[in-house]
Amino acid sequence: MNKHTKEPLLRTVKRAEMGNRQILILRLLAILLSLVAGGIFILCIGYNPFVIYGTIVTGAFRSAMAVQATVKIMIPLLICSLGVTLAFKMRFWNIGAEGQLIFGATCASFFALYCSNWNHVVLLLVMAVAGIVGGGLWGLIPAFFKVKFNTNETLFTLMLNYIAMYFVSYLQDGPWRDPAANGFSKIQRFDANAALDKVAGIQCGWIVALLLVVIVFVYLKFSKSGYEIGVVGVSQDTARYAGMNVKKIILKTMFLSGAICGLGGMIQASGSDVTLTMNVAGGVGFTAIIVAWLSQLNPFVILIVSFLFAVLEKGSSVVQSSFGLSTDCADVLQGIILFFILGCEFFVRYKFVGRSKGGDK
Amino acid sequence: MDMVIKFLVAAVLAGTPLLYGTVGEILSEKTGHLNLGVEGMMSIGACAGFMAGYQTDSFVIAILASALAGALSALIYALLTVTFMANQNVTGLTLTIFGIGLANFIGVMMIAKSPDGTLKLPEHITAAMRSIHIPGLSDIPVAGPLLFSYNPFVYLGILIAILCGIYLGKTKTGLNVQAIGQNPAAADAAGIQVTKWKYINIIAGGAICGIGGAYCSMIINGGVWISDNVGGLGWIAVALVIFASWRPTFAIWGSFVFGALRILKYYIPQSVFPFPIAFYDMLPFLITAIVLVISSIRNRRNSNMPEALGNNYFREER
Amino acid sequence: MADYAIECKKITKTFGSVVANDQIDLKVKKGEILALLGENGSGKTTLMNMLSGIYHPDSGEILVNGQTVAINSPVDAMHLGIGMIHQHFKLVDSFRAMDNIVIGTKGKRLTDKELSQKIKEICDKFGLEIEPEKRVYEMSVSEKQTVEIVKVLYKGADILILDEPTAVLTPQETERLFDILRKMKEKGCAIIIITHKLQEVLEISDRVTILRKGKSIETVETAKSNKQTLTELMVGRKVSLEIDRPEPEHVDTILKVVDLSVDKPDGSKGLDDISFEIKKGEILGVAGVAGSGQKELCETIAGLMQAKEGAILYKKTNLLGKTPSEIINLGISMSFVPEDRLGMGLVSTMGMTDNMLLKSYKAGKGPFVRRKPAKELAAKLVEKLSIVTPSIETPVRMMSGGNVQKVLLGREIESEPNLLITAYPVRGLDINSSYVIYDLLNEQKKKNVAVMYIGEDLDVLLELSDRIMVLCHGKITGILDARTATKEQIGLLMTGDTEDAAEEMTKGGQTNE
């Protein structure tokens, strides 16, 4: 009978509520630890972590051009993160930012390719609307099936990413193929008329992105629609009880979520790539999910985090040219950082208790 | 006729990595943990398997390395979602980004170190992975090529699927595991060690996914390393779990059907159906989306889906 | 030596900053039924969860059969012969009864036949009845409870803990359960029954241990106590058990339900051809076993569920086909307190201010929400109902149950409804908080509001309501005058036994239908 008297080494218990300051310190600690873990990883592959980290930071800021390149990387990431934030606030697992970005870019590209002789401003505005509508529709599809049949949105949005990607592949192989690229299947470069103008040496998408930060913040925090999103996210039953049309809210919010990502696609294609490729999203849609989550869905924090991620990415490309390490390094480090942040959230609400403190005297 | 047999054989081959991914994910989901990191775990397994084979010349070590790497990556997921109760969607997704990044990163690094700028498995290993030829059996017309002409991965995959089917469906432990996925609080109160079995299933699932990854890196490209070699198969596997309604044995034919979809483009002459190639590439994802919708329309109750899927469990939650 | 099956010495358990158990002592002998009496929130369930290995005490000692033990998990509890029947059943819905019984046990898997045989033996021994092949989701509440009991007996438990086992049962089912418990006691089992119903304590237990605010107050012999003394020990001071019941004044009909039938989402019958009226200035109590159609009734009136046929006439307008927000605007307020308390009616992550906005956020022109009036309203409620909260921006999920329910009901009342539907408003509340809620409802009644009160406790229904409507399987089995009806009568109607209820009626009360 007495066999079971040994206590487990560690037990999980709920802790008293933490203050905001404590939480902040905890998160900073997690980031620090993740950098240490990343450093160990770098050490394992035979490099000096301080040198690599140093190169990443200096690489992103070493010249005006480098900073411009960093901001350029940040633009689509920031916009998509804001896009998925709307859906996530509603607890709608929109993993489809990638596809929404691609489809938005595709719709915008149609006008860039076939209406390039329009007035410059009109053309860009039409392209932006096309991007918004395209991305929005791509976001509307999973929302429609969700409200109609409760189809799992995580997997459905995921599939739509690949469908959008292969749709571009079809376009570049077939109807939109550049005949001048002898044998090589690609879409021709946009006319200069269809390219976004530069402000401060960077395509003007950054202004749009910054505006979106404010708009999304105000929308979520102060608008009636934002309030609805918050209620639906916590409990659809409560929302219905309060007289909200839950289905309409889900459809509307997913359209907006997709629309923001689609606009990001237009900005990426017209401002940075000046053409449309299968790679127009290049994983930004996925990274955006990490950024949004890391930032606790706060638009201003998203701005900071996506900038830091852009630094990491730009810095990694410098590391590549200096040390021959692939830029995938950035993905690895992002992963490690998020692992630690995800782990640290636990300590906000729980703690471990050791054996000695327990019931035995 | 020859063409049909060839097509079916190719479908089985193309479906095998999906089979591993699907069965691995079923093990995890049966305990209530939706792991979106299949793609990442497969990538890590792919990389570990390939590099181990490349370095050691041993097929067996390659397989073991891929399983171990898959298991380790699943351990990260298990630690975060079971013990630290982190959001399953985000954790899985991060694992995918991390896994693909890590595999590509190591691949690029190894290429840089190789003398001729490519990574190719030694002939010795590629030989071991070639189709098995069983004298007599493999020569039977029709049945021979259809049943006895595959590489060892195929048979191992089917064997694992059947074993997992028996484990979940017929054993007492399997019943306990199902209870965890349906209602962890009830399982806990009944004296089942919820945490322990969650870990075991998630990690075993990761190991199986890892082997599936090795198939992608070692077989699909003829023993030459390329980046992104899992190429979205992990995602299809996640969806296939629904298609197979959480039954490992259903996953066998399910993955072969999807294997067939993946290779359709090589077997349907352009002159008959003038669809663009991109359409065929899109097909598995399109069908999965359609399957998702259909399965959500069809069933409510009695679907095999674990009721606690996606929710973490804390015993002292009030 | 080992007289006591279980001894708890100075058990303490905290959740975050809340002390749930403070140095609690408790003892139970073999062949004895101990009642653990205390108000909601007094720490009964927490204590028992520690005995069954769900929680782990921060400090203190547990002895089983005279030996000090550490119970780290339900497995440990099982080995020690402790089995707990939880208030919210811990059953896997999609499994059959027998699968639920066998999971978690050691040994190799038995065939269905062997297992059924073994289960039958146990059932025969204690006079239980179950269908081993039946799936849990097809079972009634009392069947589920039986499965839970068989489950712990199958695992060889001789110390049984039952957490509020009668809360979901009709009086007749309760009697049957008590017979089973007495039989177990004869066979030498130690039984702890958690309850806050005094009548049951007096009926079944040998001794009573009383908890109050996480402390063990006293243990008394049941034979030497009575309702009044137990209540005083439980609440800590003298209380009157009377609920105020003012006479209704203006009794015009405000809501008329005619031949209403509603299907549940799974296609089964939720409400089956029911007709009744609610009048201004009265409280219409609704009784019934959980799941008899209460939820469907509330949700259909509130416009959340579609009716199959019939009509709901509110001052001559048919509510069917109207949207929930149109119905809210007509002055109908519905507050449903579900089992998890926060599921409907309040947004758990939001503070009081934002919760005040829930039904009125659309007010005012323009795209933005006006928070100022909501803030004022929240502050007003805090003062008026003495709600305890660190600030009106603190998420409501961090507030205690009583305060949460005050917030919910307070908001509904502030919207000045003509018809107030309230379901389980005192669920999980202690006596004092419950009385605050009853007072609020009576206040509304005096203001000529029609109140529909859906409750669990028959004693309260009998004392608070003017009329009581009894639901059984979606049908109305009777509408009684609460001033003359008896508990037995309602109990019989709850099981659909209208004949015996009629007989009971001729003895005592009478219907007004």
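Domain bounds in this briefing come from an automatic or database domain assignment. The model is predicted. On that assignment, the centres of domain 1 and domain 2 of chain C, taken over C-alpha atoms, are 33 Å apart.

**Domains of chain C**
- Chain C is split into three parts: domain 1 spans 4–235, domain 2 is made of 242–331 + 417–513, and domain 3 covers 351–416.
- Where domain 1 and domain 2 of chain C meet, domain 1 supplies 10 residues and domain 2 supplies 12 residues.
- The domain 1 side of this contact in chain C consists of 5 nonpolar, 4 polar and 1 charged residues.

**Chain C with chain B**
- The contact between these chains involves 18 residues of chain C and 20 residues of chain B.
- On the chain C side, helix α2 (residues 74–79) gives the most, with 3 residues.
- By class, the side of chain C that touches chain B holds 10 nonpolar, 3 polar and 5 charged residues.

**Chain A with chain B**
- Chain A contributes 43 residues to the contact, and chain B contributes 39 residues.
- Elements of chain A that give two or more residues to the side touching chain B are the strand β1 (10–14) and the helices α5 (120–149), α6 (153–173), α11 (284–294) and α13 (328–349).
- The side of chain A that touches chain B comprises 26 nonpolar, 12 polar and 5 charged residues.

Note on methods. Residues are numbered from 1 along each chain as its sequence is written. Chains are lettered from A and ligands numbered from 1 in the order in which they are written. This is a predicted model: local features need pLDDT of at least 70, side-chain atom pairs count only at pLDDT 80 or more; totals for chains, interfaces and linings use all residues. Two residues are in contact if their C-beta atoms, placed from the backbone, lie within 7 Å. Ala, Val, Leu, Ile, Met, Phe, Trp, Tyr, Cys and Pro count as nonpolar, Asp, Glu, Lys and Arg as charged, and the others, Gly among them, as polar. Helices (H or I, at least four residues) and strands (E, at least two) are DSSP runs, numbered from the N terminus.
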